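User: I am new to this structure and would like to learn how to read its features one at a time. Could you take me through them slowly?

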Number of protein chains: 2
Amino acid sequence: MELLKEKILKEGRVLKGNVLKVDSFLNHQMDIPFINELGKEFRRLFPSDKITKILTIESSGIGIACIAAQYFNCPVVFAKKSKSINLDSECYRTNVESFTHKCVYHVFVSKKYLNEDDVVLIIDDFLANGNALLGLMDIVKKSGASLEGIGIVIEKANQPGGSIIRSKNVHLESLAIIESMNEGYIRFKDE
Amino acid sequence: MELLKEKILKEGRVLKGNVLKVDSFLNHQMDIPFINELGKEFRRLFPSDKITKILTIESSGIGIACIAAQYFNCPVVFAKKSKSINLDSECYRTNVESFTHKCVYHVFVSKKYLNEDDVVLIIDDFLANGNALLGLMDIVKKSGASLEGIGIVIEKANQPGGSIIRSKNVHLESLAIIESMNEGYIRFKDE
């Protein structure tokens, strides 16, 4: 998506350790008209009228999912993270290893808000190692819902998440794919 | 706000320990057309055209703030929580005691996204003990920005947050104020 690439080149900052900061518009300060454009693009890429839920994970996916949901006419469900194991039998649970925080999160969704009648589009801001997405896919599987696809704002192709998820025959769309980056330099994957 | 009260009466569940669950529409599953109505109501209550930022705190405030921001034509900034002290000198920092999780969070906002030129509306889902809001107010003060007001979806009048914040001469608007509740019973404060 050209608009997103331009925004990343203009406002993104590459830090040491393969970190891309886009906190001026995506995950600390949020540029709402811009995120609406991302939402419209997700709708174009996932035109099915069968989608019943948009699923994301706290925290930085929530705002993007809420804005995007306006183009899908369906509710958002966000998976919650907990450091302690949630023993509530009313929840689907999974574990997610955090690369950034070097710990394991327990992630859960109430059984009330996801079931076998649902058709789910997963939306998140970043795809790097893919652990959060694999956790969300596990929750969708446990619920018996169908997975329509996964929409990602920024994928980092030099980390393995995209390959792992594509190998599972999932309809994955990333609005921008970063092939490589260094301080002051970002190269996108050709589309 | 009548629409919100009806929704709380229809879908809210009162659990032991003075807990109101509204996770079917507000803070786990999110009813986006309904949250748009909350956003319009916040706009009606805070009509100033000087507001430059909507400030909230992760996680459950983010979606509400993003939807509401569409009626204010300004960006959202969400304060981030961290268990470890963030020593980044580029941030405004404060501490928030969590009643629910029995711990202290370090909360921060990048100095890039809040400064003395900003006029800030704080938005959050719940007001109970008021600790999160006092933390956000402290961050606004440290940034030198002006605080236009605070918009809350649900205030629990049997906890002290509302009184504490009103005593500081802040323009606080809660879309629904719960006076008392028991299992199967919710009473709103008369307006």
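User: Where in chain A is S59(A) found?

Analyst: Helices (H or I, at least four residues) and strands (E, at least two) are DSSP runs, numbered from the N terminus. In those terms, S59(A) sits in the loop between β4 (53-57) and α3 (61-69) of chain A, and the peptide bond leading from E58(A) to S59(A) is cis, with omega near 0°. In chain B, the bond from E58(B) to S59(B) is cis, with omega near 0°, and S59(B) lies in the loop between β4 (53-57) and α3. Please keep in mind that this is a predicted model, in which local features need pLDDT of at least 70 and side-chain atom pairs count only at pLDDT 80 or more, while totals for chains, interfaces and linings use all residues. Residues are numbered from 1 along each chain as its sequence is written, chains are lettered from A and ligands numbered from 1 in the order in which they are written, and side-chain values use heavy atoms, with hydrogens and water left out.

User: How many residues of helix α3 of chain B are buried?

Analyst: Buried means under 20% relative accessible area, exposed over 50%, and partly exposed in between (1.4 Å probe, protein chains only). Helix α3 (residues 61-69) of chain B is mostly covered, since 9 of its 9 residues are buried, including G61(B), G63(B) and A69(B).

User: What does V76(A) touch?

Analyst: Contact means heavy atoms within 4.5 Å. V76(A) belongs to strand β5 (residues 76-82) of chain A and, at 0% relative accessibility, counts as buried. Leaving aside neighbours within four places in sequence, its contacts include A65(A) and C66(A) as well as H28(B) and M30(B) of chain B.

User: How is a pair of aromatic rings described?

Analyst: Such a pair is described by the distance of the centres and the angle of the planes. Rings of Phe, Tyr and Trp (its six-membered ring) pair if their centres lie within 6.5 Å, and planes under 30 degrees apart count as stacked, over 60 as edge-to-face and the rest as tilted. By this rule there are 2 aromatic pairs over all chains. The ring centres of F25(A) and F34(A) are 5.4 Å apart with the planes at 85°, so this pair is edge-to-face. F25(B) and F34(B) also form an edge-to-face pair, with 5.4 Å centre to centre and 85° between the planes.

User: Which ring does the charged end of K7(A) sit over?

Analyst: A charge sits over a ring if NZ of Lys or CZ of Arg is within 6 Å of the ring centre and within 35 degrees of the ring normal. The charged end of K7(A) sits over the ring of F34(A), 5.0 Å from its centre, and F34(A) is itself buried.

User: Is N169(A) buried or exposed?

Analyst: At 77% relative accessibility, N169(A) counts as exposed. N169(A) has a positive phi of about 60° although it is not a glycine.
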